[in-house]
Structures are given as structure tokens and as C-alpha cells.
Amino acid sequence: MIAPQVVLYAAHCEPVFGSGTKVQVGAYKKRSTEYGVSRICEEVIPHPDYNKNTLQNDFAVCKLDVPVFVETNRVSLLTVNADDAVPHPDGGDELIVMGLGRLASKGANPEYLQHVMVPHINSDK
């Protein structure tokens, strides 16, 4: 989540998880209703320069039907750095990516939330 009513995710997921998709915020297990709250993705807005062939700019935002007021012991809002005075990642810096996406090409989606460390790649390369 990047705001109480906005979820950030991969644009390539939009054909499957687009507008009308149920989102469970705060859950760590797929299709779990044990934790978190359910919302509906009302609108998906992909990056205007998203390229489905190269996956460049592969991110989108999902506007939820109702804001989520998160319990900070369960969920944290992702802080998006829009301040140029704050250093941005350099090429090679380690970043954390989280989600329920496939773990292998054409593989199944995991049951539990996953995370991986990936190197930042400068967009000018």
C-alpha cells in the first residue's frame, strides 16, 4: 500500500487482477480472511509508459473502493520517495520486492506472501 486507498503492484498482473478484483490487505496467506480487510479494486492505472513486451515501467496502482486504515503492527504503508533531496537508490543497491507472484516462469503462485532482494538497476542503462 502506498496510501490508504491505493495499492501498488506489477502492471503485467492487470489482465488477471484488474478492476473488480477483491484485495485482502494485511493478509500474508492467499485467499485468507483470517487477517486484514477485504476491499475491491475499483480502478487500475498502469504507468503511462508501461511496455508489455519489455516489461519496462512494470507497475500500476489500484484504487480501492474504500480506504484501509491499517493497524501499524500488521501493515505498513510504503513510502514513495518524491523528494529529490532524499537520496534515491543507486545501481546495485539491494531492494525488497514482496508479493504473491509466480516463483518460476509459468509456475504456480505461492500460498504465502513472498519477498526477495533484488539489485536496483538505473533506468538510464
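This is a predicted model: local features need pLDDT of at least 70, side-chain atom pairs count only at pLDDT 80 or more; totals for chains, interfaces and linings use all residues.
**View 1. H120 and its contacts.** H120 counts as buried because its relative accessibility is 19% (buried is under 20% relative accessible area, exposed over 50%, partly exposed in between; 1.4 Å probe, protein chains only). Leaving aside residues up to four places away in sequence, H120 touches P89, D90, G91, G92, D93 and L95 (contact means heavy atoms within 4.5 Å).

**View 2. The largest nonpolar core.** Twelve residues make it up: M1, V7, Y9, A11, V23, V25, C41, V44, A60, C62, L64 and V68. Such a core is a set of buried Ala, Val, Leu, Ile, Met, Phe, Trp, Tyr and Cys residues joined through side-chain atoms within 4.5 Å. At least two core residues come from each of β1 (6–9), β2 (22–25), β3 (37–46) and β4 (60–64), and β4 gives the most, with three. Strands here are DSSP runs (E, at least two residues), numbered from the N terminus.

**View 3. A close look at V23.** Not counting residues up to four places away in sequence, V23 touches V37, S38, R39, C41 and L64.

**View 4. Y112 in its loop.** Y112 lies between β5 (94–99) and β6 (114–119). With a relative accessible area of 38%, Y112 is partly exposed.

Terms used: Residues are numbered from 1 along each chain as its sequence is written. Side-chain values use heavy atoms; hydrogens and water are left out. Helices (H or I, at least four residues) and strands (E, at least two) are DSSP runs, numbered from the N terminus.
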